[in-house]
Structures are given as structure tokens and as C-alpha cells.
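Student: Hi, could you walk me through this one? I'd like to go piece by piece and ask as we go.

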Amino acid sequence: MGYAVQGGGLFPHMSIFENVTLIAQLEGWDEEEIESRYQYLFELMNLEPLFRDRYPNSLSGGQQQRASLCRAMMLNPPLMLLDEPFSALDPITRRGIHDEFRKLQRAESRTMILVTHDMAEAMKLADHLVILKEGEIVQEGSLEDVTKHPSDEYVASLLTLQEGGS
Amino acid sequence: MIRLLGILVMMLWLPVSAAYADSKPVVVASKNFSESYLLAEMLSQLLEADGNLVERRFGLGGTLVCYEALTNGEIDVYVEYSGTVSQAILKQAGSLSIEALNEQLRRQDLELLGSIGFNNTYAIAVKASLAKERGLATVTDLARAGDLKLAFSLEFLNREDGWPGLKQAYSFSGEPTGIEHGLAYQAIDKGNIDITDAYSTDGDLERYQLTTLIDDRSYFPDYKAAPLIRRDLDTATRQSLDQLSGLISDDTMRRLNGEVVVQNKTFAEVANRYLFEIGLLEETTKQDSVLWDRLIKNTIIHLQLTSIALLLGCIFGLVIGVLVYRSPNVSRVVVYLAGLMQTIPSIALLALMIPLFGIGFVPAIIALFLYSILPILRNTITALLTIDPLLKRVANAIGLTPRQQLRYVLLPLALPNILAGIKTAAVISIGTATLAAFIGAGGLGEPIVTGLALNDTNLILQGALPAAGLAIIVELLFELLERILVKPHMLKGVLPT
């Protein structure tokens, strides 16, 4: 399972390349395999090749977040858990990274569980929505289902908020 | 890094272990004052003249260190005083003859050989000018004077036959302070103190123009000097040692001590000259090892002591730190215990080592090791605990095993702090190791201890300066190591948001 968190959670003592490829190295992948997967993901996420040997602290928040997604996808996991990965980014960066995220879904389709507080983000990226309130599931269904038939006022208010928001 | 340290330690260890591997030498010890050094040197030269191999363990820190070392078989002989034997070892009051003492020492398998001749009893010393001005001739006069500043050596302050008894015998009212014996004369010379204890054969009495007060109530017992040995010592060695019997009078001893402390001749030179004078030895031209040789040898031993202790401290501190850091309670207990160790004064810890491990290299390393644990352990635990919890969570979530988390994430992130702990431990060890000379471990403390005994600032500096230099060099080396091992941005504590 791939995993990415808010802020990226990159290890500060490792270069971007080391961060992204650490698990593959430990899994015993051979050099070429690692290299080609790394190149592929880096291009996919629109990252500058010269970041390779930089340390996370010299990258912007959005760049760190993209590198973090590269790390999460390195082993090509069937399932990915993304815990508010984009919430600390400014709106413009976030929009850019949303586009790359969708590109990613098209390039390698897999199940991704994205946790977010941002309704707009959810509606933009999700096929299937699960709305939680105080740890309980309030409504679950396809994007269309939920937008057309909100199960209660809470869900309805969330949807209204997003319309005003973006 | 650890492998590199290992090689370094091996290199340092070789020259000394080769010297230790020689066939069994007679181990001659002395306490840490000049007369004891001088007599031990005379005994050593007599033994060597009779074809024995001699190992000199001079400058041991006091009676009990020597006594424990002798009963444990760490040393073979040192010169002891009859009064010290009866009071400090046998715990009896009064002056006993050497024969009477031997009756009782038999139970401990120890024996005093024939008296060397002189009686070096305790004396109360005061500046000649002050004695004249205040009309002090006897200890009774002093007890009546009342307002003078008394400062006695710590051994004198604490011994039954020292201050506690003297205070009773003469009904003293004042309270003395403690002072290192080697520093007392300078203090009295500068007028910081008025009265101190002295040995009646002390060569310094003349140098500082001190006079001794008459013990008018005969309080101080006899302190006849004689070699103290274990009863199982072989006959040939006994005969070599016994040659000195009855050959040094009070005046002679005071003169010989004076040659060392006032004229700055070496122990070897004075011992050799006198033994030649009385026809026991041919005069030799053998010189003490030159300054640089001695300095290098002491520095090497010092580095061995500290590096081995530090290496053990690193292994122990890191392993324990990694094992316990997850449990705050266990961590607290472990750090508390390590801290407790730190509060034991170094001299006391070294003395505690003697009954367990004897004297010399091994107990010194153990003591230094115990001191090095706290900084390393505490920094390791703190460093591991203060790592950003998010990074710990990520390390776990991306599928690293606990061992991999430690190896690739936790330890590298903790490294700057751990290195700082090791650096602290190293610098502390280098300082503390100078005290190891008190239990015969050698090193840069040796010239310091000898210098204190001789009141020779020059000699003290020969130990203190290189030790200080060593501490600075080690500090710089660690900074270099830090620069090699740790990325610069990790030192500034810069973390990604």
C-alpha cells in the first residue's frame, strides 16, 4: 500500500532520489528498474530532474508533495492511502497538483483513498464519495448519487459550501 | 566509524600490551608524596641491582589504595609507616613496635621488614616568623592561640590519629578546613593559612622556612618507615629490600627530601647518589627518560584509557538507549541511574574500583566507562524521542521493518545529537582520566600527581597542558567527524514543513 501525508513527510536527511527510491532499494530492485521507475514518476509528476540530489528542505511545499506522491507510487501499489496530502498548499499550487493527480489516475489506474476536508477537492478527484461525520459514515455513493440526492442536511450543506467556495 | 575506532584502539593498545607481557616483575608502589616516591625508587634500584625486573607503580592515592593493592597482589611492596599500620590498617591507638605490629599483621598475611631508621611522624607546621611573633613553641601554645587559620590535608583531617584525636588531646576550639597537602605550603607561604600538618622529615619545611611545634603531650605516635610486603614474598626479594634497614636517619631523610623538592633533582638521581654514598650501589649514569619520551608515553596511555572507555560507553549507551527509548518510564529510570553514577566524585569512584578490580588500567577504564555512559545515553534517548512523530509514522506506514526504521530513519535523524553526546563524554573522559594516576593507571595524570607531591608546578603543567590540548584536539576532531557524517542542513535543525 502506498502512503502519502500532509506536508509530504519526506525524510530530511535523504536526497529526493533516496527518499523516493528507499523502499525499492530495500526490496532489492535492480538499479535499472529503480532508475526507470523513478524517471517515469518524476516526469509524470512534472518535477525538475535537478531535484534528484537536493534535500527536501530546498524544495517548495508543492514540490515536496509531488515527490512524496512519487515515493508512495514507487512500488506501484494496488492501493494508496492519501491523508490530506494537499491541504497545506496554496490554492494555485493545489490546482496544479490536482491536474497531475488526475493525470496519474489515468496513467496508472489504482484504488486511491483520499482523505480531505476540502469538498471541492473531493468532487474534483473522486469517483466514489464516503462522507464522514464524527467518525460515522453519513452517506456513501458515486459522485453523481451524492450530489443529486444528499441524504440529509449535513451533506446538503457541504455541497452548498463548495459551490460558493470555488 | 566504529570499525575505524576499533583499529585506532588496537594501534594504541599494542605498545603497552607488549610491555605488560614481560615475565613477572616485582611491583614496587609508592603513595603520592615525595618521600614515598624516593624510598620506593631506592627499593626499586636495589631490586634492579640484584637482577630483578621492576615495575614502578608510584603515586597511588593514599594508604588504603596501597593497602588494598598489596593484599590483592596488585603490588608487591611499598614503604609504610608503623603508626599508619596500627591506626589506619589495624585500627588501634598508640605506638607499637614493628615486632608487635608483625604479630597482628600475620593474620592478614602481611609483614613489615626492618625499619629504615627514621621516624616521620606528623608535625604541626607554622611559619618561623609567625611562631616567633606569637610565641608559639608547642602544640599547647597553638591550641590556646585560637584565632589562627588551620588547614589540614584531607587524610590528616579524617584519620583517627590525625585531627580528631589531636583536637581532643589538646582541646582545640577552632575548626580547620581541608587542603591538598601539596598545595598547603604555598598557601601558608602566601599567608592564606597559618597552620597545616606536615611530615617531620619533609624537605619543604626548610624551603618555606617553617618550624614544627613540639608535641608536648606526646600525642603523635611513632611513624617508623619500613617496607610492607605480603608474607609469601620470596627470600631473595626480601633480602634485596632489607638492605635499606636502619640506614636513613631523620636528618638524612629531611636532607634527601629537600634535594628532591628544593633542588629539583629527580627521584632516581637522589636515590642513586645516596645508595652510592652508603656503598649499596655503584653509581650509574642512567637518566630519567627525557621529557618528550615521557610525554608521548603518557599521552598514549591517556588516549588508550579514554578511547577504550569511550568505545565501551558508546556501545553500551547506544544499545541501551535504543532498547529503552520507547518506554518513557524505563528511559527515565535508566537516565536517572546513569546520572547517579555521575554524581559520585571521580576520586571516590576510582577508590571504589579497587576492592572490585584492583588498581591500574582495568579499574580506571571501568570508572571512565561509567562516567561516559550518561551523556551518550541521555543524548541518544532524547534524540530518538524528539524526532518528528510524523516522520516516525511515515517510516512505519511506507512499510519499513522496525530495524529498517532505526537504520535508515531514526538513527540518521538522531545522529547530530548522539554525536554531541559522544563528544561531551570524550572531553569529560580526557579530564577525568588524569585522576586515574591515583590508582596507578598512568597517563597524563602521572606528572600531575607527582607534581602535586613535589609541589612542582612545572611537572603539573607537563600533565595539565597536554591534557587540555588533547581535549581541544578531540573536540575539533569530533566537529570534523560531524561535518563528514551529518549534512549541514541537518545541523541547523531545518526540517521540511
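**Helices, sheets and the interface**

Tutor: Let's begin with a helix pair: helix α13 (residues 250–261) and helix α14 (residues 267–277), both of chain B, pack at an angle of about 145° with their axes 9 Å apart. This is a predicted model, in which local features need pLDDT of at least 70, side-chain atom pairs count only at pLDDT 80 or more, and totals for chains, interfaces and linings use all residues. Residues are numbered from 1 along each chain as its sequence is written, chains are lettered from A and ligands numbered from 1 in the order in which they are written, and side-chain values use heavy atoms, with hydrogens and water left out.

Student: What counts as a helix here, and how is the angle taken?

Tutor: Helices (H or I, at least four residues) and strands (E, at least two) are DSSP runs, numbered from the N terminus. Axes are lines fitted to C-alpha atoms, for helices over the stretch in contact, and angles run from 0 to 180 degrees between N-to-C directions.

Student: Which residues in α13(B) and α14(B) meet?

Tutor: From α13(B) there are B:Thr252, B:Arg255, B:Leu256, B:Glu259 and B:Val260, and they meet B:Phe267, B:Val270, B:Tyr274 and B:Glu277 in α14(B). Contact means heavy atoms within 4.5 Å. By class, this contact has 5 nonpolar, 1 polar and 3 charged residues. Ala, Val, Leu, Ile, Met, Phe, Trp, Tyr, Cys and Pro count as nonpolar, Asp, Glu, Lys and Arg as charged, and the others, Gly among them, as polar.

Student: Got it. How do α2(B) and α12(B) cross?

Tutor: The axes of α2 (residues 34–49) and α12 (residues 235–242) of chain B come within 8 Å and cross at roughly 130°. That makes α2(B) oblique to α12(B). Angles under 35 degrees count as roughly parallel, over 145 as roughly antiparallel, 65 to 115 as roughly perpendicular and the rest as oblique. The crossing of α2(B) with α12(B) is right-handed.

Student: And which residues make that contact?

Tutor: B:Leu43, B:Leu46 and B:Leu47 in α2(B) meet B:Thr237, B:Ser240 and B:Leu241 in α12(B). These divide into 4 nonpolar, 2 polar and no charged.

Student: What about α21(B) and α22(B)?

Tutor: Helix α21 (residues 445–454) and helix α22 (residues 457–485) of chain B have axes that come within 7 Å and cross at roughly 160°. They are therefore roughly antiparallel to each other, and their crossing is left-handed.

Student: Switching to sheets, what is the strand order in chain A?

Tutor: Chain A has an open sheet of 3 strands in the order β1-β2-β3, with parallel pairing. β1 (2–5) and β3 (111–115) of chain A stand at the edges with a single partner strand each, so one side of each is left without a neighbour in the sheet. Neighbouring strands are turned by 10° against each other on average, direction ignored. Two strands pair if DSSP finds at least two bridges between them.

Student: How many bridges join β2(A) to β3(A)?

Tutor: 5 bridges join β2 (residues 79–83) to β3(A), and A:Leu81 has A:Ile113 in β3(A) as its bridge partner. Helix α19 (residues 389–397) of chain B packs on this sheet, touching β1 and β2 of chain A, and its direction makes about 165° with that of β1(A). From chain A, helix α3 (residues 61–73) lies across β1 and β2, running at about 165° to β1(A).

Student: And the sheet in chain B?

Tutor: That one is an open sheet of 3 strands, ordered β8-β5-β9 with antiparallel pairing. Its edge strands are β8 (195–199) and β9 (210–213) of chain B. On average, neighbouring strands are turned by 45° against each other, direction ignored. Strand β5 (residues 122–127) pairs with β8(B) over 5 bridges, and B:Ala125 stands opposite B:Thr196.

Student: Last topic: what area is buried between chain A and chain B?

Tutor: About 1,800 Å², of which carbon and sulfur atoms give 73%. Buried area is the accessible area (1.4 Å probe) that two parts lose on being put together, summed over both. A:Tyr3, A:Pro12 and A:His13 supply 32% of the area that chain A buries against chain B, more than any other three residues. The contact takes 19 residues from chain A and 20 residues from chain B.

Technical notes
Left-handed = near helix turned anticlockwise from the far one by under 90°.
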